[in-house]
Amino acid sequence: MAGTKMLKLPEVLKEIDMSRAAFYRMRARGKAPKLLKLPNGQLRCRRADLDAWWSSMEDAA
């Protein structure tokens, strides 16, 4: 995982232009980017996982 860019949830929300509530609804449906939960409870998203999610959204459109 060394060298892997990890984004904080607010950074992800800003990039995808979505509210936290809408993001959690999408996550509950299994449609959100993959997140990692750290031991302190914070959420992170790998840059590669967010890029893959963007690609899947293009495919679905």
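Here's a short tour of this predicted model, stop by stop.

Start by selecting strand E3 (43–46) along with strand E1 (residues 6–8). E1 and E3 run antiparallel, paired over three bridges.

Click on Lys 37 and look across to E3, where Leu 43 stands opposite. E2 and E3 make a hairpin with five residues between them. In that turn, stop at Gly 41, whose phi is positive, about 95 degrees.

**Stop two: the core.** Next, select Val 12, Ile 16, Phe 23 and Leu 50. These have the most contacts inside the largest nonpolar core, a set of 13 residues. Which elements give two or more residues to this core? They are H1, H2, strand E3 and helix H3 (47–60). H1 gives the most, with four residues.

Zoom in on Ile 16 and show its neighbours. Leaving out residues up to four places away in sequence, Ile 16 touches Phe 23, Leu 50, Trp 53 and Trp 54.

**Stop three: the loop.** Finally, step along to Asp 17, in the loop between helix H1 (9–16) and helix H2 (20–28). Is Asp 17 buried or exposed? It counts as exposed because its relative accessibility is 72%, and the cut-off is over 50%. Check the backbone here too: phi of Asp 17 is near 55 degrees, a positive value in a residue other than glycine.

Key. Residues are numbered from 1 along each chain as its sequence is written. This is a predicted model: local features need pLDDT of at least 70, side-chain atom pairs count only at pLDDT 80 or more; totals for chains, interfaces and linings use all residues. Side-chain values use heavy atoms; hydrogens and water are left out. Buried means under 20% relative accessible area, exposed over 50%, partly exposed in between (1.4 Å probe, protein chains only). A nonpolar core is a set of buried Ala, Val, Leu, Ile, Met, Phe, Trp, Tyr and Cys residues joined through side-chain atoms within 4.5 Å. Contact means heavy atoms within 4.5 Å. Two strands pair if DSSP finds at least two bridges between them.
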